[in-house]
Amino acid sequence: MRRGSAYLLNYGYQMVSIIDALVDRHDVIVYDSESHACIMDGLGFTSEDDLSFRTMIWKAVETAASMHAKLVRETGGGILVIT
């Protein structure tokens, strides 16, 4: 599935449906550990392989994403970063 490189939403609870629409079973989500409740609700529809990172620590984002880079290459999935 072809996806855009970035999405900007103006209403928080749009995250509940867009997360589910953007990812499939081969994808990994890396998200901010202090995410708003709407993001946490959206994550409830996804896999258990998701990783959180500490807010505004970009090195942590890179580390979390690299932890699953091999997996997504093998499965053809992608990594969705939510902040």
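Visitor: Before we start, what counts as a contact here?
Guide: Two residues are in contact when they have heavy atoms within 4.5 Å. Keep in mind that this is a predicted model.

Visitor: Fine. Taking contacts between residues at least 6 apart in sequence, what share joins residues at least 24 apart?
Guide: That share is 47% in the protein chain.

Visitor: And the fold, what order do the elements come in?
Guide: Starting at the N terminus, you get α-β-α-β-α-α-β. That's 4 helices and 3 strands.

Visitor: How much of the chain is buried?
Guide: 33% of its 83 residues count as buried.

Visitor: Which residues make up the largest nonpolar core?
Guide: There are 11 of them, including Met 15, Ile 18, Tyr 31, Cys 38 and Ile 82. H1, strand S1 (28–32) and helix H2 (37–43) each put in at least two, and H1 has the largest share with 4 residues.

Visitor: You listed Cys 38. What does Cys 38 touch, leaving out residues up to four places away in sequence?
Guide: Cys 38 touches Gly 12, Tyr 13, Met 15 and Val 16.

Visitor: Switching topic: how much space is in the largest pocket?
Guide: About 440 Å³. It has 22 lining residues, and Tyr 7, Leu 22, Leu 80, Val 81 and Ile 82 are the closest to its centre. Helix H1 (14–22) and strand S3 (79–82) are the elements giving two or more residues to that lining.

Visitor: How does the lining divide into nonpolar, polar and charged?
Guide: 15 nonpolar, 5 polar and 2 charged.

Visitor: Last one, what's the accessible surface of the chain?
Guide: Around 5700 Å², with 54% belonging to carbon and sulfur atoms.

Notes. Residues numbered from 1 in each chain as written. Predicted model: local features only at pLDDT ≥ 70, side-chain atom pairs only at ≥ 80, totals over all residues. Heavy atoms only, no water. Buried < 20%, exposed > 50% of the residue type's maximum accessible area, 1.4 Å probe, protein only. Areas by Shrake-Rupley, 256 points an atom, 1.4 Å probe, with all protein chains shown as cover. 1 Å grid on protein atoms, 1.4 Å probe; cavity = no way out; pocket = protein on both sides within 12 Å on 5 of 7 lines; lining within 4 Å. Points joined across faces, edges and corners; volume = space filled by probe spheres on them. Nonpolar A, V, L, I, M, F, W, Y, C, P; charged D, E, K, R; others polar. Core = buried A, V, L, I, M, F, W, Y, C linked by side-chain atoms within 4.5 Å.
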